[in-house]
Each structure stands twice: as C-alpha cells, then as structure tokens.
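I opened this notebook to record what I looked up in one protein, entry by entry, with the terms spelled out as they came up.

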Amino acid sequence: MNIPMLDLKAEYALLKDEIEPAVLDALAACQYINGPNVKAFEAEAAHYAGVKHAIACASGTDALLIALRAIGVGPGDEVITTPFTFVASASTIVMCGATPVFVDIDPRSFNLDLNQVEAAITSRTKAIVPVHLFGQPVHLAPLMALCEKHGLKLIEDAAQSFGASYGGRKSGAYGDIGCTSFYPSKNLSAFGDGGLMITDNDLLAAELRVLASHGSRERYHHHVLGYNSRLDEIQAVILRIKLRHLDQFNHRRSTIADFYNQLLDGLVEIPFADAYGHHVYHQYTILSDRRDAIQKVLGDAGIACAVYYPVPLHRQEMFAATHGHLSLPVAENVAQRCLSLPISPMLKDEQIRRIVGVIRQALA
Ligand SMILES: *Cc1c(COP(=O)(O)O)cnc(C)c1O
C-alpha cells in the first residue's frame, strides 16, 4: 500500500458524518458570502488563539499581504524574514513595494538565526516576519525585544503552526498581527483556500477588515486600495468542525514525531524540538547527506516524501536580480540535505515502522 505525505482521505472518512450534513445546511441557507458561519468561525478562532480579533480572508498569502499593508509597509521599506520558507513569506513583501531582507537560519530549528537579525536592521527596516517553520515556534522573546528597541512591527507567519504554542500563548498571538493559512495541507485545513489574520489591536483589526474588503469602511466608499479577500461560507463550515479536532490531531502529530525520532535516531539527523515552544509538526523533516538516495528508495517503495524547500528564496529566479548575490550558507546547506517524511494524524505505527525500514535499507 502506498503511503501519502498527508492522508486527507482517511481524515475525510473520519469526519464525513460531521461535515457532510453541515455543508448541505450551508448550501441550502444560500448565504454564500459573509454568512453566519464565517462570523462564528472568526469568533471561535479568536477564542482558540486567545486574541481579541480574528479576520478571515481568502488565503495565507492574502493574510500576509493585507497584514503588511495594514502596518504601513510600502515602497522604500525593508522587511526582515527567512530565506528558508514558502515563497509567500517574502513575495508578499515585494507585492507591497518593499524589499525583503533575508537573514540566515539556525541549523537546528530551521527558523531565523536570532543572533543575526539585529545586524540586518537599517533605518529603512519596518517589520520582521518570523516564520514558524514546519510547526516549530520561533523563540519570539528576543525578536520582540528587538522590535521594541528599534520601533519595528512583528508579523508572525503562522501558516504552518496554527495550534502551536510559545510561552503560554498560541502561535500568531504575539505579533502585531499573526497570519495563518487553511490550504489543504496545513494543520488546520479547508477543502480549498482560506486564511486568517489575528490581532489584539482594535485599530489594526479594523484596518485589516477595510483592506480585505476593497478598502471600504462604508459601502461603495473606498478609502484606500484594498482587496477582495474573503473566506467562503462553505469553507467556514468545514473549518469550524475541524477546529474542534485540531488539538487532538496536533497531539497525534507530536506522538508520531516522537516515534519517528526513536526509530531514526542515529540513522539520520532527526528534527530538533526547541524547549521554548510546543511544536505541532506540520512537517517531520530530517537531514541526511544521502538525502537523494533516501528519497529515491522511498519513492520506489510507494512512500511519499518531499523536499521542503529545495531552493532557498535568495536563490530563486524571481529574486536573482535583487538577492542572487547573497550567500546564506546554512539555508543553502539545509536545502540540499532536508527531507520531509509522511506525517498525518492518520498515520499508523506500522506505517511508520515500514517507512523507517525502507530508510534503513536505503542507507545500508
Ligand atoms: C502555505 C504558506 C503560506 C501561504 O498560504 P496560502 O494559503 O497557500 O496562500 C505562507 N507562508 C507559509 C510559511 C506557508 O507554509
């Protein structure tokens, strides 16, 4: 039997009896845009994350773009982020007319190297966008201190870490704005695209709503250039149900990671879990000098695996002219040696044993 990266079919089978009648009810209610489930989901998500405001939008990418616009990022500004992430963490900075400034990563956590951030701050720096990569919270206290010291804003890219926690609060709740994604592969996922912005700040919350609805405070009066970025009612129905299962699913992900760790220790470099936060294993990512061999043998055995991410952002063609000269050795090295293994709340122990058995063969 093939093993997928994420077993959405098994998850669907588990939740089908809850989801199908609720979706049919929403179809019959015909309030497809700004309906009651979107409002209810926003309230439930804000409560879950422990923040005052949650504003739903069309994707994680839109959440980042709108958050950056809301804090006033524009042409001439610099925003510090990581090169080892999904492209949207940085492309959204460019979409605002600003310049991403890439700081190398820590070789163990794969998150921003906190020792290198301050040196990257200039008079143009407006904000820092830490990414809680693979579900591991960034150690935010030193970053918040830097933001305070230099008058910068903090936008958390929590697309891979919804439900993770740090210092007693949920991922995304510390920043001026926290952004997450409900893309189908994320820990809390919709049956299509969706995103969310969270904040405790009343003024920013109002600004996020204005930007997400065509820059309009009052209908047909447009104050600023905005976007059409909304979460569908049907996706909200699905997300409300799945939110109730999130902690249990995230807990299962960490149990799976512990089991992988136990079986893989000594064979490959197992992921490092920082003591500062609670990791939700959006991905279970190992390092090996023989990554390509492992990938091939797993593929031949019908076991999915993936390289997140093969090319750090400063090496992407879209950034060649502006950032191609940079050397960020840790990100470049990790990109050549990383491999993410199947992880899904539905993964069974015997499947994990089989995956590790195949890796053992590949390395023999
Ligand atoms: C998925 C992801 C995004 C973008 O979310 P979409 O909903 O796909 O637009 C942004 N940042 C990171 C780190 C992601 O993993």
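**Entry 1: the two domains.** I looked up the area buried between domain 1 and domain 2 and found about 3,400 Å², of which carbon and sulfur atoms give 68%; buried area here is the accessible area, taken with a 1.4 Å probe, that two parts lose on being put together, summed over both. I noted that Phe-102, Phe-134 and Asn-187 supply 21% of the area that domain 1 buries against domain 2, more than any other three residues. Domain 1 covers 8–239 and domain 2 covers 246–363, with bounds that come from an automatic or database domain assignment. Their centres, taken over C-alpha atoms, are separated by 24 Å, and the contact (heavy atoms within 4.5 Å) takes 43 residues from domain 1 and 36 residues from domain 2.

**Entry 2: what I am working with.** This is a predicted model, in which local features need pLDDT of at least 70 and side-chain atom pairs count only at pLDDT 80 or more, while totals for chains, interfaces and linings use all residues. Residues are numbered from 1 along each chain as its sequence is written, and side-chain values use heavy atoms, with hydrogens and water left out.

**Entry 3: α3 and α4.** Helices (H or I, at least four residues) and strands (E, at least two) are DSSP runs numbered from the N terminus. I found that helix α3 (residues 60–70) and helix α4 (residues 88–95) pack at an angle of about 40°, with their axes 9 Å apart; the axes are lines fitted to C-alpha atoms over the stretch in contact, and angles run from 0 to 180 degrees between N-to-C directions. That makes α3 oblique to α4, since angles under 35 degrees count as roughly parallel, over 145 as roughly antiparallel, 65 to 115 as roughly perpendicular and the rest as oblique. On the α3 side the contact is made by Thr-61, Leu-64, Leu-65 and Leu-68, and on the α4 side by Ala-88, Ser-89, Thr-92, Ile-93 and Met-95. By class, the contact of α3 with α4 has 6 nonpolar, 3 polar and no charged residues, where Ala, Val, Leu, Ile, Met, Phe, Trp, Tyr, Cys and Pro count as nonpolar, Asp, Glu, Lys and Arg as charged, and the others, Gly among them, as polar.

**Entry 4: two partners of α12.** Helix α8 (residues 246–264) and helix α12 (residues 349–363) pack at an angle of about 35°, with their axes 10 Å apart, and the residues of this contact divide into 9 nonpolar, no polar and 4 charged. The axes of α9 and α12 come within 9 Å and cross at roughly 130°, which makes α9 oblique to α12. Here Ala-293, Ile-294, Val-297 and Leu-298 of α9 meet Ile-355, Val-358, Ile-359, Ala-362 and Leu-363 of α12, and by class the contact has 9 nonpolar, no polar and no charged residues.

**Entry 5: backbone exceptions.** Most residues other than glycine have a negative phi, and most peptide bonds are trans. I therefore noted two places to look at on the backbone. Phe-110, in the loop between β3 (99–102) and β4 (125–129), has a positive phi near 65°. The peptide bond from Tyr-308 to Tyr-309 is cis, with omega near 5°, and Tyr-309 is found in the loop between α9 (291–300) and α10 (320–323).
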